Amino acid sequence: MEPSHKDAETAAAAAAAADPRAASASSGVVVQVREKKGPLRAAIPYMPFPVAVICLFLNTFVPGLGTFVSAFAVLCGARTDLPDRHVCCVFWLNIAAALIQTLTAIVMVGWIMSIFWGMDMVILARSSPQGP
């Protein structure tokens with residue numbers, strides 16, 4: 001005679017009570033999640049918080065302007081998530097992102113992208129305690 005579903009649950013609960021490690025191993029807990037960023041997104045510099053807020057403000061009202069200003073933060077030593085790329089390459093990636101935002105602002109895509117870009121700048125500034 002096969003054990004019923006209720007008996008299987010009772011046996012599993014008893015095993016978990018006997019060995020707490022077994023219960024946690026089978027619960028499927030995610031230990032770490034890493035976001036994969038593209039080269040344009042990874043080129044956003046870690047700036048001081050006030051500068052990031054100014055760039056967000058500029059991106060909100062003039063799409064691409066805050067991203068253009070942030071490109072010069074890279075030349076001033078702000079670090080990015082692209083440590084293996086040369087500073088000039090990261091600078092031009094930010095200029096390209098600003099150009100894309102400005103040119104596509106006509107169809108609202110660039111304006112929305114510009115606002116999200118500014119929000120990412122603020123998020124990065126808050127996650128980095130020292131700024132650059």
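**View 1. Ala 42 and the residues around it.** Leaving aside residues up to four places away in sequence, Ala 42 touches Lys 37, Thr 80, Asp 81 and Leu 82, where a contact means heavy atoms within 4.5 Å. Ala 42 is found in helix α3; helices here are DSSP runs (H or I, at least four residues), numbered from the N terminus. With a relative accessible area of 4%, Ala 42 is buried (buried means under 20% relative accessible area, with a 1.4 Å probe and protein chains only). Val 90 is 48 residues away from Ala 42 in sequence, and their C-alpha atoms are 9.0 Å apart in space.

A word on what you are looking at: this is a predicted model, in which local features need pLDDT of at least 70 and side-chain atom pairs count only at pLDDT 80 or more, while totals for chains, interfaces and linings use all residues. Residues are numbered from 1 along each chain as its sequence is written, and side-chain values use heavy atoms, with hydrogens and water left out.

**View 2. Ser 70 in helix α5.** Look for Ser 70 in helix α5. Ser 70 counts as buried because its relative accessibility is 0%. Its contacts, not counting residues up to four places away in sequence, are Pro 45, Met 47, Cys 55, Asn 94 and Met 121.

View 3. Helix α7 covers residues 109–127, 19 residues in total, and reaches 27 Å from its first C-alpha to its last. That is close to the 27 Å expected at 1.5 Å a residue, the expected span being 1.5 Å times one less than the number of residues. The buried residues of α7 include Gly 110, Trp 117, Met 121 and Leu 124. The buried residues of α7 pack against α3 (39–42), α4 (49–61), α5 (65–75) and α6 (87–103).

**View 4. Where α6 meets α7.** These two helices pack at an angle of about 140°, with their axes 7 Å apart; axes are lines fitted to C-alpha atoms over the stretch in contact, and angles run from 0 to 180 degrees between N-to-C directions. On the α6 side the contact is made by Ala 97, Ile 100 and Gln 101, and on the α7 side by Gly 110, Trp 111, Met 113, Ser 114 and Trp 117. The helices α6 and α7 are therefore oblique to each other (under 35 degrees counts as roughly parallel, over 145 as roughly antiparallel, 65 to 115 as roughly perpendicular and the rest as oblique).

Conventions:
Buried means under 20% relative accessible area, exposed over 50%, partly exposed in between (1.4 Å probe, protein chains only).
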